[in-house]
Amino acid sequence: NAAVTLDDGEIGRSTAVQAAAARIEPTVDMNPILLKPEADARSQVIVRGKVWSSLSARDYFARKLDLWPIVTEALDRLRGQHDVIVAEGAGSPVEMNLRPYDIVNMRVARYAGAAVVLVGDIDRGGVFAQLLGTLDLLPDEERALVRGLIVNRFRGDPMLFADGIRFLEDRAGLPIFGVVPMARDLGLAEEDAAVLDDVRHPASIGQPAASLRIVVVRLPRIANFDDVAPLERLDQVALDYVDRPEQIDGANLVILPGSKSTIADLRFVQERGLAKAIMRARAQGTAVMGICGGYQMLGQWIHDPDRIESPTGSSPGLGLLPHVTVFSREKRTCRVRARIVATDGPLAAAHDREIDAYEIHMGQTQMSEEASATAPIHITCRSGIPVDEPDGTIGDDGLVFGTYLHGLFDDEGIQQALLAWLRARREPWPAPMPLNSRWVPAVDPYDRWADTLASALDLPLLIERCGIPPRGGE
């Protein structure tokens, strides 16, 4: 899941979430290098917000140290602008086969002379081996930087872990700053699709029969699926991630999300039988929506003449919308301001509404000359520059629609327009939308998470051990 900065740079969604928690605008310096997997052993490498290369894992590791100056320059700029920098590592700091090429963990800590806090995930099991084994494998100069430990994602009564805390502190010779409980449904955007591996049961199980059922096709290279997270939290919606044809049956809306490798994922949809299931559902009156890569899949053709995403030069789309997409080497990443102009279909109830969104895509999409489909959205500002450009398509029957805009459902008016339209299609005389039809958190999700940490951690001790001076007598 990615995000876009004010200067049109692409960064990881987790970095944007952390910046929002700190009440600051994210910048590319906060995520100077981003890897976006394109296949099992290949990734697009984003450097300072722009595409740098597409490399195999082996080639990336061979060139990884070339990027180290990018890391240090970004860190130096941030240290000149802020009082405290929190540098999040990636993976374990003692992957011994990868350590010589490390540019995200202890190499950063050594360069910055940082205070290090080790966090172990007890939910995965083996937290004692995680923490003590990591300390044991760290060289002495790096071990000396570690100020304490945190046990994360604990289920149950933390008092039952009191003996575990004493054991860890005795063996490590370091304080345990706290035991953080497992927190569910924080309402914060997820970092990547790994979280979907924990979804073992469809969301619709246990949902009221009156719920609208929305299914999201779980593409192998799914990207920016946080687009649908606001829908998942609506109390009248049962949202499932699906990858089998029979799971589409009975849905009110099928969403094809973004993809990091559109043609490869389109082939998956076709070979898995999902394409036929989507066609059948549409013929039976089910709405179909595509976002970014999913929007490209809904068209007539996808052409990749320069083999940017796939060795396949061209691939027929699902043919549900009358457009053709051509990939180019230029990647568009920008924030936009847009206006809903649809007069029918799922967005009609939000007509004339202004929204903020963002774009991240490689291809350019054009309507066929004979197409009568219309664009439901007009972009009025891109990267701070006024424009007047159409976005997306609604098919003639209003059942199929697509857009390049990410973040569409963050807008409450768009959510309500979609739900009202879906209900109207399902029920001949739909009841008025209840006032509590949207998910309203009892507390801001960032505040909720901060309160959780404040109650679980010994913050004064952590701040003292990390050498952060008190501010204004606090």
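Trainee: Is Asn224 buried or exposed?

Mentor: In this predicted model, Asn224 lies in the loop between strand 10 (222-223) and helix 8 (229-232). Its relative accessibility is 3%, and a residue counts as buried when that value is under 20%. Asn224 is therefore buried.

Trainee: What is the value of phi for Asn224?

Mentor: Asn224 is a residue other than glycine, and yet its phi is positive. The angle for Asn224 is near 50°.

Trainee: Where does Phe225 lie, and what is its relative accessible area?

Mentor: Phe225 is found in the loop between strand 10 and helix 8. Phe225 counts as buried because its value falls under 20%. The relative accessible area of Phe225 is 5%.

Trainee: How many Å separate the C-alpha atoms of Phe225 and Glu191?

Mentor: Along the sequence, Phe225 and Glu191 are 34 residues apart. In space, C-alpha to C-alpha, the separation is 9.9 Å.

Trainee: Which loop holds Cys292, and what is the value of its phi?

Mentor: Cys292 is located between strand 14 (287-291) and helix 11 (293-297). Cys292 is a residue other than glycine with a positive phi. That phi is near 55°.

Trainee: Is Cys292 buried or exposed, and which residues is it in contact with?

Mentor: Cys292 has a relative accessibility of 6%, so it counts as buried. Neighbours within four places in sequence are set aside when its contacts are listed. The contacts of Cys292 are then Gly258, Ile360, His361, Thr403, Tyr404 and His406.

Trainee: What distance separates the C-alpha atoms of Cys292 and Gly363?

Mentor: The two residues stand 71 residues apart along the chain. Their C-alpha atoms, Cys292 to Gly363, are separated by 9.2 Å.

Trainee: Where is Phe177, and is it buried or exposed?

Mentor: Phe177 belongs to strand 8, which spans residues 176-181. Its relative accessibility is 1%, so Phe177 counts as buried.

Trainee: Which residues does Phe177 touch, and how many Å lie between the C-alpha atoms of Phe177 and Leu462?

Mentor: Not counting residues up to four places away in sequence, Phe177 touches Val117, Arg147, Gly148, Leu149, Ile150, Ala456, Leu457, Asp458, Leu461, Leu462 and Arg465. Phe177 and Leu462 are 285 residues apart in sequence. The distance in space, C-alpha to C-alpha, is 6.2 Å.

Trainee: Which residues touch the most other members of the largest nonpolar core?

Mentor: In soluble globular proteins, nonpolar side chains tend to be buried together. The largest nonpolar core here has 71 residues. Its largest share, six residues, comes from helix 12 (residues 412-426). The members that touch the most others are Ile248, Leu253, Ile255, Val269 and Ile278.

Trainee: Which residues does Leu253 touch?

Mentor: Leu253 is one of the residues that touch the most other members of the largest core. Residues up to four places away in sequence are not counted. Leu253 touches Arg213, Ile214, Val215, Thr286, Ala287, Val288, Met289, Phe401, Leu418 and Leu422.

Trainee: How many residues make up the other core that lies apart from the largest one?

Mentor: Its members include Val94, Leu118, Val146 and Val151. This other core has 22 residues.

Trainee: What is the radius of gyration of the protein chain?

Mentor: The chain contains 14 helices and 22 strands. With 474 residues, a compact globule would have a radius of gyration near 23 Å, and the value for this chain agrees with that. The radius of gyration of the protein chain is 24 Å.

Trainee: What percentage of the residues in the protein chain is buried?

Mentor: The count runs over the 474 residues of the protein chain. Buried residues make up 48%.

Key:
Residues are numbered from 1 along each chain as its sequence is written. This is a predicted model: local features need pLDDT of at least 70, side-chain atom pairs count only at pLDDT 80 or more; totals for chains, interfaces and linings use all residues. Side-chain values use heavy atoms; hydrogens and water are left out. Helices (H or I, at least four residues) and strands (E, at least two) are DSSP runs, numbered from the N terminus. The radius of gyration is taken over C-alpha atoms; the globule rule is 2.2 Å times the number of residues to the power 0.38. Buried means under 20% relative accessible area, exposed over 50%, partly exposed in between (1.4 Å probe, protein chains only). A nonpolar core is a set of buried Ala, Val, Leu, Ile, Met, Phe, Trp, Tyr and Cys residues joined through side-chain atoms within 4.5 Å. Contact means heavy atoms within 4.5 Å.
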